[in-house]
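The sequence and the model come before the text.

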Amino acid sequence: MAKGFGRPGMGGMGGINMNMIKQAQKMQENMQKMQAELEAKEYSAQAGGGVVSATVTGKRELVSLTIDPEAVDPEDVEMLQDMIVAAVNEAIRSAETDMADNMRQITGGLNLPF
């Protein structure tokens, strides 16, 4: 071990490193807590003027899909499929945006790869 490295009173390096480690650990704890909270949340979105509604969790799992019976046209199944995809994708985007915004708050805007 280098002389004085990591020893209190020997240049102060040990205290700075320990403080940084404690801050990083606290940030990690906050991020894990926030991630668990966000994964438990539900995000909903609609398509087709509200005739299709989708709800996903923060884990990006589809938990609910509602289709207004008036949206079901046997002659145009493709449009219904498109509305379902649009509603699900928008709900997922809402979840991801919320997660990114919350993580930015915890990390203070640092561009970390989470």
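Contacts between residues 24 or more positions apart make up 48% of those in the chain with a separation of 6 or more. The model is a predicted one. The chain has 114 residues, and 24% of them count as buried.

The chain contains 2 helices and 3 strands. Read from the N terminus, the order of the elements is α-β-β-β-α.

**The strands**

Strand β2 covers residues 52-57; because 6 of its 6 residues are buried, β2 is largely enclosed by the rest of the structure. In a regular strand, side chains alternate between the two faces of the sheet. In β2, Val52, Ala54 and Val56 point one way, while Ser53, Thr55 and Thr57 point the other way, and all are buried.

Strand β2 pairs with β1 and is also joined to β3. The two pairings are set out here.

| Strands | Sense | Bridges | Residues between the strands | Positive phi |
|---|---|---|---|---|
| β1 and β2 | antiparallel | 6 bridges | 4 residues | Gly48, near 65° |
| β2 and β3 | antiparallel | 5 bridges | 4 residues | Arg60, near 65° |

Individual bridge partners can be named for both pairings. Strand β1 spans residues 42-47, and Ser44 has Thr55 in β2 as its bridge partner. On the β3 side, Val52 is partnered with Ile67.

**A surface patch**

Ile67 also belongs to a nonpolar patch on the surface, together with Leu62, Leu65 and Val72. The four residues have about 320 Å² of accessible area together. Leu62 lies in strand β3, which covers residues 62-67. Its relative accessibility is 46%, so Leu62 counts as partly exposed.

Helix α2 runs over residues 77-107 and includes Asn102. Is Asn102 buried or exposed? Its relative accessibility is 14%, and because the cut-off for buried is under 20%, Asn102 counts as buried. Leaving aside residues up to four places away in sequence, Asn102 touches Met34 and Leu38.

**The annotated region**

For residues 17-46, an unreviewed UniProt entry lists a "coiled-coil region". In the model, this span is 80% helix and 17% strand, and its end C-alpha atoms lie 49 Å apart.

Notes:
Residues are numbered from 1 along each chain as its sequence is written. This is a predicted model: local features need pLDDT of at least 70, side-chain atom pairs count only at pLDDT 80 or more; totals for chains, interfaces and linings use all residues. Side-chain values use heavy atoms; hydrogens and water are left out. UniProt positions are given in the numbering used here, feature names are shortened, and annotations may be inferred rather than shown by experiment. Buried means under 20% relative accessible area, exposed over 50%, partly exposed in between (1.4 Å probe, protein chains only). Contact means heavy atoms within 4.5 Å. Patches are made of residues with over 30% relative accessible area and no salt bridge: like charges are joined within 9 Å, nonpolar side chains (Val, Leu, Ile, Met, Phe, Trp, Tyr) within 5 Å. Accessible areas come from the Shrake-Rupley method with a 1.4 Å probe; for residues, only the protein chains shown count as cover. A salt bridge is a side-chain nitrogen of Lys or Arg within 4 Å of a carboxyl oxygen of Asp or Glu. Two strands pair if DSSP finds at least two bridges between them.
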